[in-house]
Amino acid sequence: MSLSDFIILFEAFKKSMDSLPGCTSIGLAKELLLFDSVNVYQSINEYFEKYPITVKSIDEIQDNELEVLGLNRQYLKYNFIDEWTHEQAMSNSSFSTERYQYMLPQRQGSPPLYNTYIYAALEQGIVRAICPNSGKVLETSTSFPIYLEERGTQFVFYRVKGSEDFYIATAGYPSLKGFLYLPKHNLIIVSPSFFQLGYPKEYILLAISQLYRKFLLFTEKTIRFLQSPSRKLALLYGTQTNLGHFFLNEFSGFFRIIMTGLYRKVQNIVIYKNSKVPLCQLFPEFKKAACYSCDDADALFETCMTQGLFLLYPCASHLSAEAAFHIQKVAQGYCSESQKRQLADCVADPLIFINLRKHNKAWLEQVDGIINLVRALKQNYPNVGIVLDGLSDCQEDAELIEHSLRQEIAVYNGVNISLLDTICWACRADTYLCVIGSGLVLLTCIANKPGIVHSEHGHMGQVRPGGFWSGLRNDIFAPILVSEHEVVVVKKEGYYALTSYENYSMDWHSLYNRLIKILYPPSL
């Protein structure tokens, strides 16, 4: 089969799946998958290059374009509104929002969102959308999960039957309503919030390509799913690769499901391979739910089709004090015996939590710098101790620091301990020195400690007033930032030369001079 033959057949297959999937779709799928010489995914990409999808923000598309397509701008915009009153109006007041407005008040967030559709869907078993042609309120329980392995990003496509079928997709780390996909017009209308999160158009196109690849690989199972008269509601857990987004978005979202009592509606959970902490350790309320473990994106899709699951990914935009206290208690309950003993025996005063980093965005002098800094502290704080934290690639640096200082102070090497053990040490610490990154969540949003942060220049804006970090929890100590002029970024050719992940050089005094200002006076 030539590429041109594949494209002709695939176009017919796509049209059949977009309209009335059935025997024709199955026959076309079998024919398309018959020839091993054709790389299916690459060929699908070639199809979309020949017939490119138009991607436009709702604020970008022109009125005359919408008029030609028979689409209404206001109806399109309604699908991106994230307000309790709007969700209640779409339900014709069958979904009462008063308790949610009371339990989940307006707070700062990044972005500030409620994800009202999650709570309505959990209560009533459906997601609602507005038909972009007629303005009618439509309901669906048909969902298709797509996970982009190479991007670490999940999407859930909800297929809606209206005057013409379309999809509303939730996406990104906060799982907001990101865009509408209208197959008939080969058009995607994007919420401005999706682009504001920093996601490029490329992610959307990759997700669409993967959606049709899944349709092709699992045609019969998809059709049986579509023809099934009912669905089983399920939650998705374990998609976040970034530790910070796991706590701020995924964990926080699940905590809200517990807090609102909606966990009683959940009998099925799909657990993806990126789970940071076993769900039932965090929330034993889900122990009775049927759990389906998935190790890759194909298994995720296939499981939902086979089991007939209507999937929701519950996320929030910030970590509340109550959620932080919950994870602290969980960490204490599951702390390993060896770390419990060390924590109990620790008499260091002050105890400083030091975050190491090696793979990128690394302080090049961190070994010698930390050794010198701690020795300087010891002159005024003879009982000072440190906890060393970092990914496994930091083990060598941690051992060098430990070897140099262990005869002088208490050094606790926490590089290879569990996440919950690390949280216990973060809560025990008095202050910290940390690279601006996901590990900072443990020290600020969870442990709520004062401390000093550093990084290359690109990430510094996250912790400045009004930056990303200022909206993650309202009552935290603001991290104290090393000045940009004190950090010399080391530019190098290649991938990181064009990103905010360069390594950097910094005098250890930049940390020391700030740290001694927030420690208690040495004479006390």
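Two strands pair if DSSP finds at least two bridges between them. Strands (E, at least two residues) and helices (H or I, at least four) are DSSP runs, numbered from the N terminus. The model is predicted: local features need pLDDT of at least 70, side-chain atom pairs count only at pLDDT 80 or more, and totals for chains, interfaces and linings use all residues. Residues are numbered from 1 along each chain as its sequence is written, and side-chain values use heavy atoms, with hydrogens and water left out.

**View 1. An open sheet of six strands, paired in parallel.** The order is β15-β14-β13-β16-β17-β18. β15 (410-413) and β18 (480-481) stand at the edges; each has a single partner strand, so one side of each lacks a neighbour in the sheet. Two bridges join β17 (residues 451-454) to β18. Ile452 stands opposite Ile480 of β18. Helix α19 (residues 419-428) packs on the sheet and touches β13 (351-355), β14 (385-389) and β15. Contact means heavy atoms within 4.5 Å. The direction of α19 makes about 135 degrees with that of β13; axes are lines fitted to C-alpha atoms, for helices over the stretch in contact, and angles run from 0 to 180 degrees between N-to-C directions.

**View 2. Phe166 in strand β6 (residues 166-171).** Phe166 is buried, at 1% relative accessible area. Buried means under 20% (1.4 Å probe, protein chains only). Beyond neighbours within four places in sequence, Phe166 contacts residues including Cys131, Leu138, Tyr158 and Leu182. Its C-alpha atom lies 8.6 Å from that of Asp18, 148 residues apart along the chain.

**View 3. Strand β12 (residues 309-312), covered on both faces.** Leu309 and Leu311 on one side, and Phe310 and Leu312 on the other, are all buried. Four bridges pair β12 with β9 (residues 232-237) in the parallel sense. Leu233 stands opposite Phe310.

Key. Buried means under 20% relative accessible area, exposed over 50%, partly exposed in between (1.4 Å probe, protein chains only).
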